[in-house]
Amino acid sequence: MPGEFLNTKEAARYLEIHEKQVYALIKAGKIPATRVTGKWIFPKKLLDEWIESTARDSLKRARKKSGRVEGALLASGSNDPVLDFLMTALRRDHPEFIIFSSNTGSTQGLRALGDGYTDIAWSHLLDPQSGEYNKPFLSALEEISPVLIHLFRRSVGLVVRPGNPSGILGFEDLVRGDVRFINRQRGSGTRKLLDYHLERLGLDTEKIAGYKDEAFTHMEVGLAVLSGEADAGLASVAISRLLGVGFIPVARESFDMIVGRSTFFEKGVQALIETLRSDKFRRKMTGLADYGFEDTGKILYSAV
């Protein structure tokens with residue numbers, strides 16, 4: 001089916017690498033590919049699985065290396081522009097602490113935390129049945145005695161091209177046929193939020209042009225919309241402010257940090273919370289409307 005298989009040029013663009021690097025990966029047997037009528041073809045589903053597997057392996061290798069770096073912590077999971085600003089502020093105010101963060105999506109972040117590949121997981125997973133964020137997903141982390149710490153609240157919604165020329169008002173417009181969508185990767189909290197609303201409204205994903213086109217960060221989604229590559233995508237309100245694209249609110253989310261009980265007392269984690277709660281940092285974030293820092297640092301759950 002169209003879109004499910006990529007040629008070499010499309011695979012290079014999808015992976016954001018040069019075509020020569022794709023051929024090098026093929027030669028080394030490190031990328032899923034098959035040869036059809038003399039040309040290399042890449043099943044997109046297998047390519048996505050390879051990306052996720054590579055991300056996990058990178059976390060594992062980094063985990064081994066970071067054990068020798070004093071003051072260094074590994075983080076993985078969800079993505080938000082505020083995190084980028086936060087990491088910069090932490091390096092400036094507390095240069096003795098380093099947090100290496102990988103954008104793997106909320107689900108993979110929690111899995112990496114449970115497997116011991118990372119110290120911190122960023123997450124905003126909604127449990128549709130309870131309406132709670134993140135807490136219902138901690139049962140699989142009992143071995144590390146998880147601590148759930150609230151970081152901030154944010155508005156998430158549909159980002160559309162400046163002026164909204166396609167006249168998009170909500171999820172129902174995504175199935176019109178003349179709207180090109182840019183999705184987030186499977187396992188991300190944003191993707192799960194989208195699928196929840198599509199199912200709730202009875203909308204068929206097969207009718208959404210671009211549903212299978214995935215981005216790994218909110219910024220990627222925003223840039224795809226700004227460039228005209230897509231008409232809409234789901235992202236945080238910060239993207240609207242930073243890129244000047246339109247924004248249609250969908251949900252108010254709790255963006256949280258999950259760590260093991262022993263990690264919670266690490267000085268680097270405490271410095272992170274201190275930085276996020278500081279007046280200096282909050283003043284810098286005032287331009288990003290619809291972010292709430294009033295409960296930053298609050299422990300929402302702690303395993304005894």
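Is Met219 buried, partly exposed or exposed, and what is its relative accessible area? In this predicted model, in which local features need pLDDT of at least 70, side-chain atom pairs count only at pLDDT 80 or more, and totals for chains, interfaces and linings use all residues, Met219 is partly exposed, with a relative accessible area of 31%. Residues are numbered from 1 along each chain as its sequence is written, and side-chain values use heavy atoms, with hydrogens and water left out. Buried denotes under 20% relative accessible area, exposed over 50%, and partly exposed the range in between, with a 1.4 Å probe and protein chains only.

Met219 is found in helix α7, where helices (H or I, at least four residues) and strands (E, at least two) are DSSP runs numbered from the N terminus. Together with Leu223, Leu226 and Leu242, Met219 forms a nonpolar patch on the surface, whose accessible area amounts to about 320 Å². Three residues of the patch, its largest share, come from helix α7 (residues 218–226). Such patches consist of residues with over 30% relative accessible area and no salt bridge, like charges being joined within 9 Å and nonpolar side chains (Val, Leu, Ile, Met, Phe, Trp, Tyr) within 5 Å; a salt bridge is a side-chain nitrogen of Lys or Arg within 4 Å of a carboxyl oxygen of Asp or Glu. Accessible areas come from the Shrake-Rupley method with a 1.4 Å probe, and for residues only the protein chains shown count as cover.

The largest nonpolar core has 43 residues, and those with the most contacts inside it are Ile120, Trp122 and Met257. A core of this kind is a set of buried Ala, Val, Leu, Ile, Met, Phe, Trp, Tyr and Cys residues joined through side-chain atoms within 4.5 Å. Among the elements that give two or more residues to this core are β4 (72–77), β6 (120–123), β11 (246–260) and α10 (267–277), while the largest share, six residues, comes from α4. When residues up to four places away in sequence are not counted, the contacts of Ile120 include Leu73, Ile99, Leu113, Met257 and Val269, contact being defined by heavy atoms within 4.5 Å. A second, separate core of 19 residues includes Leu158, Val160, Phe181 and Ala232.

A search of the whole structure finds six aromatic pairs, for which rings of Phe, Tyr and Trp (its six-membered ring) must have centres within 6.5 Å, planes under 30 degrees apart counting as stacked, over 60 as edge-to-face and the rest as tilted. The rings of Phe152 and Phe293 form a tilted pair, with centres 5.9 Å apart and planes at 55°. This pair links distant parts of the chain, 141 residues apart, with Phe152 in strand β7 (residues 146–160) and Phe293 in the loop between β12 (291–292) and β13 (299–302). Both Phe152 and Phe293 are buried. The pair of Phe264 and Phe265 is edge-to-face, because the ring centres are 5.2 Å apart and the planes stand at 80°; Phe264 is buried at a relative accessible area of 13%, whereas Phe265 is exposed at 59%.

In the loop between β6 and β7 lies Asn134, which has a positive phi of about 70° although it is not a glycine and which counts as buried at 1% relative accessibility. Leu138 is placed in the loop between β6 and β7 and counts as buried at 4% relative accessibility.
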